[in-house]
Amino acid sequence: MSRIAFIGLGHMGSPMALNLVKAGHELVVFDLVPAAVKVLADAGASAAASAPAAVKDAEVVISMLPASKHVEGLYLGEAGLLTQIAANTLVLECSTIAPESARKVAAAALERGIRMVDAPVSGGTGGAVAGTLTFIVGGAAADLESARPYLEKMGKNIFHAGAAGAGQVAKICNNMLLGILMAGTSEALALGVANGLDPKVLSDIVAKSSGRNWATELYNPWPGVMEHAPASNGYAGGFGVDLMLKDLGLAAESALNARASVPLGELARNLYSMHSAQGNGALDFSSILNLFKK
Ligand code: NAD
């Protein structure tokens with residue numbers, strides 16, 4: 001069993017780290033929020049007082065942070081974590097960030113002989129708890145093979161998207177589609193209800209018809225339709241509106257860089273932006289329904 005440093009114990013990082021503890025690994029964990037560290041310490045992990053303390057003697061380092069600025073802030077610079085991590089250590093960076101940031105950090109790691117892959121995930125908090133996440137990896141194939149035994153304890157599907165940063169490109173494309181589908185699903189459900197339908201009945205129909213998608217199958221945005229979806233829990237937990245907004249911003253940036261057109265992605269970004277500006281940034285992204293609900 002390996003000694004793993006896990007940094008970032010939020011909605012996703014916490015259940016991912018718990019699955020590694022359950023698999024018998026020795027985890028040393030750190031988060032800026034002490035309560036998040038305590039959950040893991042209570043489950044058998046060692047609590048570190050800082051990120052550098054967590055990575056000391058670690059064979060594997062895993063990070064799950066909100067955005068590019070947090071990842072660059074953690075790893076880069078004179079006091080950055082890369083100066084504290086031993087050569088040949090394997091680093092799995094699982095946050096969803098800009099491909100350019102992922103490449104920058106991976107190149108800085110390589111200069112120090114540290115093996116790093118970008119390994120963003122899909123599957124939501126439910127997938128993180130169940131250990132059924134999809135990992136979308138960018139980096140050297142040999143490093144992915146070294147990472148595979150750890151990824152398999154947290155996920156079910158593991159893809160190699162290409163070189164460093166490619167995992168992020170694929171993840172951003174996926175999440176742009178997710179943002180569009182959640183807004184579209186919300187619009188359709190609100191239309192049906194405004195015309196007298198029961199949201200549960202309409203959801204059951206769509207889930208078995210050609211409009212079905214991840215939201216209708218696993219993550220229905222209408223409160224009460226799915227017991228375990230964030231919508232039925234006041235839109236608490238799950239995947240924050242501001243995180244979806246970040247991903248749609250990354251899609252817009254990627255489109256600009258490649259001169260690609262993403263009109264639906266841009267419309268979705270504007271909808272989530274409006275929703276966030278109304279004070280909903282910390283709610284689960286399926287609360288976009290409230291923009292459409294009468
Ligand atoms: P979150 O905000 O719940 O958790 C992030 C954690 O990182 C927080 O606990 C925060 O305190 C910690 N943190 C930030 N900077 C830190 C630092 N320098 N050192 C230590 N800890 C630090 O976010 P989340 O929902 O867990 O998402 C994490 C990443 O995963 C994001 O990039 C998100 O886009 C992506 N993601 C989320 C979901 C989801 O359903 N929530 C699904 C797939 C991917």
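**Ligand surroundings and the domain interface**

In this predicted model, an oxygen atom of the ligand lies 2.9 Å from a backbone N or O atom of histidine 11, a polar contact in the sense of a pair of N or O atoms within 3.5 Å (within protein, one must be able to donate a hydrogen and the other to accept it, and residues adjacent in sequence count only if both atoms are side-chain atoms). Proline 66 places a polar backbone atom 2.7 Å from an oxygen atom of the ligand. From lysine 246, an N or O atom of the side chain is 2.7 Å from an oxygen atom of the ligand. Around the ligand there are 24 residues (a heavy atom within 4 Å), and those that come nearest are His11, Met12, Asp31, Pro66 and Lys246.

Residues are numbered from 1 along each chain as its sequence is written. The model being predicted, local features need pLDDT of at least 70 and side-chain atom pairs pLDDT 80 or more, while totals for chains, interfaces and linings use all residues; side-chain values use heavy atoms, without hydrogens and water.

Turning to the domains, an automatic or database assignment divides the protein into domain 1 (3-164) and domain 2 (169-291). Their centres, taken over C-alpha atoms, are 27 Å apart. Domain 1 brings 16 residues to the contact and domain 2 brings 14, with contact meaning heavy atoms within 4.5 Å. Between domain 1 and domain 2, three residue pairs are in polar contact (both at pLDDT 80 or more). On the side of domain 1 that touches domain 2, nine residues are nonpolar, five polar and two charged, with Gly counted among the polar ones.
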